[in-house]
Every structure is written in structure tokens, then in C-alpha cells.
Amino acid sequence: MANVVVVGAQWGDEGKGKIVDWLSERADVVARFQGGHNAGHTLVIDGKVYKLHALPSGVVRGGKLSVIGNGVVLDPWHLVKEIETIRAQGVEITPETLMIAENTPLILPFHGELDRARESQNSVAKIGTTGRGIGPAYEDKVGRRVIRVADLADDATLELRVDRALVHHDALRRGLGLEPIDRAALLASLREIAPQILPFAAPVWKVLSDKRRAGKRILFEGAQGALLDVDFGTYPFVTSSNVIAGQAATGVGVGPGAIDFVLGIVKAYTTRVGEGPFPTELEDADGQRLGERGHEFGTTTGRKRRCGWFDACLVRQTCATSGVNGIALTKLDVLDGFETLKICVGYELDGQVMDYLPTAAEAQARCTPVYEEMPGWSESTEGARSWADLPANAIKYVRRVEELIGCPVALLSTSPEREDTILVTDPFED
């Protein structure tokens, strides 16, 4: 029985939610392995829309175990609200269907305050964070001062952890002109939320080990996209965690041998939210058209996404760094009606053509795309469920994408609806 990792292979917003939900029918466990509630997944099932941020996409499908792994940073207050919202939509969420790793770090209110204060006072270069406190929480994890889910179960330990965090954060807050943290109020809030979180706490590493021995299928779900990876993304305009497939192992507590197939989610064009380089960005009518047809607004922030042509160089890079075995190509229908399509096949930098995006931010900003043009198609691809439903030029476009990124298409998505998916290779059976 194969275990599958799903990663975004661009800057996020590739349609991971739908693909993970679609694949979860074949899985027994869906495990989220990194990120925080800065991520947003929109699922459309039988016309009903579910917006998820902290919860794994598998929660909306009955009979599956959903897991929040230790690689995630978790805002407990947000999680409780999200559970209430999803329950109100008729989805059952219990400790039998949702587990949170006991060693999962918590995002606390002062993390968000610090995040927003830094971004508002940064006159050098804004990163474009969501202000949810994800970055500061990861900093505390590495600095060994974070409060973890298990700490909520013991009041003496909780007080020690809070005091350690406050020594660091109150000094930072003074420098930013913020008031000291109210220790008593913070402890009271944590004690109040603890009974709502602790029933879901579990030794996830052990649970997943037992599931593997029993031959169960595990779907590892990432957030954001590989180009936002803290090591391999367009630094410093990145998220604060590792997004690539290797994080799936450490983010839930399994060995790398547990990963059998890596599925990269790739949009048929390119989008980005926030600051940072974007070689194929379009600021013309074509870019406007992509944004309007693709409904390119962030699930979490509502921010308008920047849009551009498909960048084969960037996707080839992320396929390499994540060891992608196959891609799920999404939003092909957004390209319907374009007379001509462009694909970035390289970059020109100082008179030389490169087949990868350089590491230095200054060099990235000066790269200009080298395009290959292809004829578009006038027919609709929306809702197609087989190759026979696709126009010839759409098939040629998909095949050229495969050639340029050096990776085959395993699934093709033609609308937000769950069943509007063409299966080429089942990752669980590969």
C-alpha cells in the first residue's frame, strides 16, 4: 500500500485542497505536516463550499483519520472556531476523526502581534506575511521557548514555558514600542482553551507507525508551495517552514522510507500572493483575465493574487527539490479562449540564458523570461473527465508542460468540483 505526499509546486494556491480531498477517498489517514492557518484550502463538494485553514482537507470526508502533525504551528483559538464552523456545515469532528500531535507548537496572541508590528515597521523590504504569527511561532520553536500542546496538560510546566517565552518577547516588544505581555491573562486564556484542545492530543508518530504496520494508506498534506520553502524558495519572501516533500517525514514523525509517491500540485499558469520576484508576472489584460477567470483571491486573506504565464523552469526546480513522481495539473479551464499561450522556458540574465532561477535575490529580480508560444483553444475544457473531452491544443499544451518540467501528469483537474478530474496514474497504486 503506497503512502503519498502532496506538495504545492509553485507559490501556493495551486488547488491542493481539492486534490487532497479527491485523493483522500483512497486514503485511510490524511496528515498535515507543516505550515499554519496562514494557508487556505477551498473545497467544493456537491456545490457546498468548505474553507479550511488549520484542519487537514480530509476532515470533510467521513471515515478518515485526520492528523495535525508536529511540523505545523497551531493557533488553538483559531482551531476551535474552525472546528465549530465545519461542524455547523454538517461535518462530524471528534477525537476519533482528528488527532493533534502532542509536540505541536502553539501560536499565541503575542506571536501575531509581533508579526504585524514587524511588518508595519519594516521600512526596508516587506515580506508580505499574513500577520497570523506563524513566523514568530517557528522562531520560538527553534529557540526552544515555544509552548506545545502537551504543555497544556500540566499547569506547573505551562507556567515555566510561559515565563521562558516572556523573557524573550517582552524585550522584543520594548524595542517595538509594544506593551509588556499580560502574564495572568495569557495563562488564563491557555487554561480556558486547554480542555477544548487536549482531547485531540495524541502521540501521532506512534499512531502513524501502527497504521503503517496495519497496511493503511497515509496521505501527507502540505500547505503553501515549494517556492515559499524557507531554504529553497525565493528567500526572504518565503514562509517560515520547509514546504518541500522531505518535511513530510519530520513533520509527523515517520521515516523517509514511509514515502512512496510525491505528487506535485501545479496550476496551468502561475500566481503569487505577497511580495517577491515573479519572472512571468503579467500586468496587462492577459494577467487581468487570468485573475478574473481563475477567481484569484486568497482563501485566508482575500488578497488579489498576482498572475502570469506558466513557468516551466520554476516547476522543474521544485520537482527536483521535492522528488516529485507526478504532477496534478489544475485550472486548465482558466486558459480556455486564449488565442496564444506562453510558457517560460528559461531566463535571460546579463546577456546569458539560464534554465533555472538563481539563488541570489538581486539576480532573481533582474531575470527576464524567455518564452515559447503555443496556440490556444476556443473550446471549453471545464468539467472534462477524460482525454477525449479535451481539445487537441489543450492536450498538446499538457504534453509540452510534461516535457519541459521532466515529470508526467498523474491527474488533471478541470474545475473546482471533486469529480471533474482526469486520472492518469493513481499515486496510491503506482
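D13 sits in the loop between strand β1 (4-8) and helix α1 (16-24). Helices (H or I, at least four residues) and strands (E, at least two) are DSSP runs, numbered from the N terminus. The model is predicted: local features need pLDDT of at least 70, side-chain atom pairs count only at pLDDT 80 or more, and totals for chains, interfaces and linings use all residues. Residues are numbered from 1 along each chain as its sequence is written, and side-chain values use heavy atoms, with hydrogens and water left out.

D13 is not a glycine, yet its phi is positive, at about 60°. At 25% relative accessibility, D13 is partly exposed (buried is under 20% relative accessible area, exposed over 50%, partly exposed in between; 1.4 Å probe, protein chains only). K331 is not a glycine either and has a positive phi of about 60°. K331 lies in the loop between β13 (326-330) and β14 (340-349). Its relative accessible area is 24%, so K331 counts as partly exposed.

The peptide bond from Y235 to P236 is cis, with omega near 5°. P236 belongs to the loop between β8 (218-221) and α8 (247-252).

Helices α5 (residues 155-176) and α6 (residues 183-197) pack at about 135°, with axes 11 Å apart. Axes are lines fitted to C-alpha atoms, for helices over the stretch in contact, and angles run from 0 to 180 degrees between N-to-C directions. The two helices are therefore oblique (under 35 degrees is roughly parallel, over 145 roughly antiparallel, 65 to 115 roughly perpendicular, the rest oblique). Contact (heavy atoms within 4.5 Å) involves D155, L158, E159, V162, D163 and L166 of α5 and R183, L186, L187, L190 and R191 of α6.
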